[in-house]
Amino acid sequence: MLNGTGGSSRISDPKRQAKLMSDSEIKPMLPSAQPPPEPTLVQIEGIGKVAGGIPSIIATAKTTWSETGILRGVRTLLRLNQKDGIDCPGCAWPEPDGERSHAEFCENGAKHIADEATTKRLTPEFFEKWSVVDLAEQSDLWLGKQGRLTQPLVLRRESTHYQPIAWDDAFALIATELNSLSNPDEAIFYTSGRTSNEAAFLYQLFVRMFGTNNLPDCSNMCHESSGSALSETIGAGKGTVSLEDFDLAQAIFVIGQNPGTNHPRMLTALQRAKRNGCKLVHINPLPEVGMTRFKHPQEVLGWLGAGTALADLFLQVRINGDVVLLKGMMKAVLEAEDRNPGAVLDHDFINSHTIGFAELVSSVRSASWDELVEQSGVGKTQLEEAARIFGESERTIFCWAMGLTQHKNAVANIQEIVNLMLLRGQIGKPGAGLCPVRGHSNVQGDRTMGIWERPSDAFLDQLASEFGFEPPRRHGYDTVKAIEAMHEGYAHVFFALGGNFLSATPDTEYTADALRRCKLTVQVSTKLNRAHLITGEQALILPCLGRTEIDEQASGPQFVTTENSMAVVQASRGFLKPASDHLLSETAIVARLATAVLGSRSSVDWQSLAADYDRIRAHIERVVPGFDDYNARVRQRGGFHLPNAAGERIFNTPSGRAVFTVHDLPLIKLEPGQFLMMTIRSHDQFNTTIYGLDDRYRGVYNGRRVVFLNRDDIEAAGFSEGDIVDLTSHFEGEERVARRFVVVPYSIPRRCAATYFPETNVLVPLRSVAEKSNTPASKSVVISIQASAENN
Ligand code: SF4
């Protein structure tokens with residue numbers, strides 16, 4: 001057992017520090033933007049051996065029992081991810097098109113559902129008792145465990161507590177603030193990836209009729225880099241595979257991704273592929289149990305055995321060594337082609353479908369093996385072995401997630417995958433292709449529905465002709481720019497359709513300061529989170545229905561639709577009685593908001609659209625390509641696939657061909673004593689929602705303020721396992737500090753460190769972003785480590 005406590009942090013930029021100090025003079029007690037110092041006894045047991053199995057079943061049963069009771073829990077779980085059932089509000093991993101099992105969910109899906117279907121309720125008495133400052137002293141885990149929000153709440157100027165407010169009054173307050181802005185661009189409209197297609201489409205329509213494209217979303221912080229990289233190279237921002245391709249693949253590469261925790265049912269697809277003889281290669285700075293060995297929780301006979309060994313090869317790449325590693329694989333592929341001309345590269349594909357081949361080859365050949373091995377941290381033999389598996393596979397899939405997308409050179413990371421795959425024509429044929437794995441259930445669908453600060457002219461033209469108005473053409477703020485705009489006084493109203501903006505975003509104290517400068521902050525939510533406690537001058541919480549609940553509107557019960565990671569659009573129908581009679585659906589909230597704000601300025605009959613979601617889908621069909629016959633096709637069991645041009649080798653780039661791109665090796669300079677840190681998720685967490693303090697797969701229990709380091713680095717720095725340290729990040733002369741983390745020795749490359757987010761978001765500088773995508777570089781944070789100042 002190791003003693004550890006949470007800690008505080010500060011911004012050391014003198015100007016910002018001065019501003020914070022002057023704020024605190026005006027407001028003596030600001031609610032804390034970070035979880036409080038929470039005394040914990042962190043227990044370190046070492047990395048687990050197998051994912052899934054009986055421990056998963058026990059964890060599922062425990063969560064379900066404690067939040068919903070067994071009967072309600074089982075009824076809900078049996079509908080999860082079923083055709084005609086509830087689409088899991090967790091990650092965006094798809095379900096099979098054909099037969100589905102009765103338990104088509106994972107441990108994490110069960111936790112999401114239990115969290116939403118909980119029988120605990122937040123009453124008016126709760127908010128009478130707890131001031132905002134007192135709530136902010138509680139942990140994120142505690143906030144989430146208090147139960148469902150049951151009525152609209154307002155935090156008025158100078159008041160200390162949230163109070164109930166009538167829906168009409170809440171919308172009137174928002175309308176007053178929005179309509180008194182001098183320019184619509186002074187408002188920010190954020191969207192989380194849980195929002196349904198219908199609510200998202202209506203929301204972007206309202207926002208554009210209001211007059212702005214300020215529609216940042218959680219995509220800006222995750223797969224924006226994938227979208228930018230793929231649009232440039234294959235002419236579409238989405239992946240090219242379907243779930244069925246996993247059954248046909250001969251090799252699957254999983255890079256910068258931890259499916260066991262973040263997309264657990266992907267392990268089922270990998271297990272099936274493995275049993276078909278497919279080779280699996282895992283590339284990551286940390287070995288992840290889910291990629292090592294897996295016991296399918298539903299295979300009773302497998303519970304007692306050792307489980308299925310998954311990865312045939314694990315390449316322990318340095319943090320941000322991926323561009324170099326992929327170049328190394330390409331170099332080995334080219335050398336194999338040299339030895340056996342015509343046997344490795346797909347020349348027909350390269351000649352007929354691509355441009356830029358010669359430039360790529362010359363850049364790869366110019367990189368020396370010494371620098372490739374040194375900078376990737378992976379030996380030449382291992383790189384050649386990975387290249388051999390790649391070169392011998394006729395059908396290859398490459399999957400990736402945040403491990404690639406949150407670096408300065410994130411777009412280059414993904415484009416190097418595209419380069420490699422193009423060399424062997426591994427895009428646009430069965431069993432092969434690109435698979436960015438999305439982390440939130442409808443994050444891809446929201447973008448398809450027009451939630452984007454940089455909409456295409458084609459989309460705006462369709463919107464204009466369908467609704468008879470001229471949408472704004474000027475690009476809006478993405479997430480990073482929105483925070484800067486609020487901080488610098490260019491934006492005054494912040495509206496969030498779902499999510500936990502404060503905890504999802506980098507540079508916690510700066511972001512908190514930005515939100516505090518707003519006149520009004522509004523959050524549409526199902527449960528309490530830290531974003532409700534860091535507010536503008538006034539704040540509203542608008543409680544909405546969850547996916548599990550019956551969505552009754554004027555024309556009868558409604559279903560919503562979502563799009564998963566593989567572009568399948570399907571229906572989701574709730575069946576539970578809503579947590580309170582006062583809840584509105586997200587769609588109804590947007591419709592009433594639009595009516596209150598736009599009034600006679602809009603000719604759209606918002607209430608009629610909210611009364612019958614078929615009417616919204618009819619509009620979507622006429623605006624968004626690929627949704628023909630939407631209402632009929634989405635009623636087919638299992639939904640329908642959106643068109644996938646790149647998957648058919650139609651590359652919608654300016655040249656009509658897929659594009660090889662050339663990237664320099666990234667320069668990562670660490671001073672003596674510095675480490676490159678990445679933020680990661682624990683197994684008891686989904687994005688910003690914390691379900692517990694354990695990370696079973698990494699063997700860390702009862703605490704989250706830990707820093708994973710290589711044992712040799714710990715020794716070299718004069719630390720020992722269990723020491724309490726402070727972390728300082730360094731960026732362009734600025735320092736940010738996060739205090740009191742427990743040192744945990746782990747299998748991680750030298751000079752690398754890993755910590756959980758959101759606790760270390762405070763260390764991620766807002767201006768440290770990926771080129772082109774502007775995604776915060778949360779996986780490339782330069783830090784130094786000191787014995788904790790609070791030890792003295
Ligand atoms: S894999 Fe993702 S979508 Fe499926 S049940 Fe688990 S969390 Fe939900």
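Which exposed residues does the face of H18 turned away from its buried side carry? In this predicted model, that face of H18 carries Asp-370 and Glu-374. The buried residues of the helix, which spans residues 369–376, are Trp-369, Leu-372 and Ser-376. These three cover an arc of only 65° around the axis and are therefore placed on the same side of H18. An α-helix has 3.6 residues a turn, so residues three or four places apart point the same way. The packing partners of the buried residues of H18 are helix H15 (322–339) and helix H19 (380–392). After H18 comes Gly-377, with a positive phi near 80°.

An open sheet is formed by 3 strands in the order E23-E24-E25, and the pairing is antiparallel. Strand E23 (560–563) and strand E25 (640–641) are at the edges; each has a single partner strand, so one side of each is left without a neighbour in the sheet. The antiparallel pairing of E23 with strand E24 (residues 568–572) extends over 4 bridges, and Val-560 stands opposite Ser-572 in E24. Helix H9 (residues 197–210) lies across E23 and E24 and runs at about 90° to E23.

The ligand is surrounded by residues that include Cys-88, Cys-91 and Cys-106, together with Asn-81, Phe-105, Gly-109 and His-112. Pro-264 and Arg-265 also belong to these surroundings. By class, the shell around the ligand comprises 5 nonpolar, 3 polar and 1 charged residues.

Definitions and conventions
Residues are numbered from 1 along each chain as its sequence is written. This is a predicted model: local features need pLDDT of at least 70, side-chain atom pairs count only at pLDDT 80 or more; totals for chains, interfaces and linings use all residues. Side-chain values use heavy atoms; hydrogens and water are left out. A residue is near a molecule or strand if one of its heavy atoms lies within 4 Å of it. Ala, Val, Leu, Ile, Met, Phe, Trp, Tyr, Cys and Pro count as nonpolar, Asp, Glu, Lys and Arg as charged, and the others, Gly among them, as polar. Two strands pair if DSSP finds at least two bridges between them. Helices (H or I, at least four residues) and strands (E, at least two) are DSSP runs, numbered from the N terminus. Contact means heavy atoms within 4.5 Å. Axes are lines fitted to C-alpha atoms, for helices over the stretch in contact, and angles run from 0 to 180 degrees between N-to-C directions. Buried means under 20% relative accessible area, exposed over 50%, partly exposed in between (1.4 Å probe, protein chains only). The arc is that of the directions from the helix axis to the C-beta atoms.
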